[in-house]
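Good morning, everyone. Please have a look at the structure on the screen, and then I will take you through one part of it.

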Amino acid sequence: MKPFEERYTAWIDGQMSEAERAPFEQELTDRAAAETDKHEVHRLGDLLRARGTAPQLMSGDFFNHQLQQRIATEQPSAPVRERQRWWSWSIPQIACAGAACLLAAAALYKGVIVSPEPTSVTAESTYFAEIVDVRTSEPEIYASTVYTAQDNVTVLWLEGLDYLPATYALQ
Amino acid sequence: MTRPGFALLLLSALWLGEREAHAQDKIWSAVLLASNTAQPAETPPELRGSAERLGRIFGYNQWVVLGSSTETIDDQVERWLIPTKHFSLNVKARRASSKEARGGYLLNLKLFQDKRQIVDTYAKLAPESPLFIRGPMHARGQLVIALKVRP
């Protein structure tokens, strides 16, 4: 069975068959209100059919212009600021810009590059000296790197160097 | 002075200020003699905080500074460090830009014993991260060359 809304629309439009109409009208709880609805819909339809075409504008551009002007006058206007060239800045403006640059540079230096304050020797440190590349001048000398992260000590360990006798002056 | 001129001067001053902040960094080097004795001498002030750690690595309980040398670090400028008459170091430094380097340097180090070059190395050093080079063995003990960046 069709839903009530669909049958109601068909009833208003007069598209319901005789066989369907009588039982549907029995179904209506407020017949008078339904008849008023039907009457109003028919009146609206007649009105729309009578005035189906919109009046044609003879000077559309003029109408648009007037409309835009009216919108502009009704809206609160935003203050228009004149664009200022950077070379026409005043000394305080330049000083402020310089200070801002300095602050940005300091923040970058502190955050990205390094913390210049030395940490204490005993403080835990994740960085320790690093041997990137090593070459010995003689094949008998062998070099290896010893890292101890726990002690934060890096040693370039050279083997194969000549033993120095006691006669070799150290200082 | 015109305003663009003033702005240029201000920027130059900022740039120079930034350079000056690192101009004071120095590199310290020393030749150390490590040995084991029953009554070890007092740790030299330069090695306080390091001697114990060095002892764990090298196995010696006495550390003596035979000589030391300090030079200012300049970007890409060669420096000679001559802590003793027999040992010298040729150092060329470049500032490391990474945060992990903690204000350190990438150094090209050449260690010489008299006129003989022993080793040529590239190493990253930061102020609290010294580098030690195990040198030759002497009749009196083990020679160790120390390098440290000092802000």
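This is a predicted model: local features need pLDDT of at least 70, side-chain atom pairs count only at pLDDT 80 or more; totals for chains, interfaces and linings use all residues.

Residues are numbered from 1 along each chain as its sequence is written, chains are lettered from A in the order in which they are written, and side-chain values use heavy atoms, with hydrogens and water left out.

The sheet is open and has five strands, in the order 1(A)-6(B)-5(B)-4(B)-3(B), with antiparallel pairing; strands here are DSSP E runs of at least two residues, numbered from the N terminus, and two of them pair if DSSP finds at least two bridges between them. At the edges, each pairing on one side only, are strand 1 (130-136) of chain A and strand 3 (78-81) of chain B.

Within chain B, strand 5 (residues 105-113) pairs with strand 6 in the antiparallel sense over nine bridges, and B:L107 has B:A123 of strand 6 as its bridge partner.

B:D120 lies in strand 6 (residues 116-125) of chain B and, at 12% relative accessibility, counts as buried, meaning under 20% relative accessible area with a 1.4 Å probe, protein chains only. Beyond its neighbours within four places in sequence, B:D120 is in contact (heavy atoms within 4.5 Å) with residues including A:V134 and B:N108.

B:A93, in strand 4 (residues 87-95) of chain B, also counts as buried, at 5% relative accessibility.

Methods: Helices (H or I, at least four residues) and strands (E, at least two) are DSSP runs, numbered from the N terminus. Buried means under 20% relative accessible area, exposed over 50%, partly exposed in between (1.4 Å probe, protein chains only).
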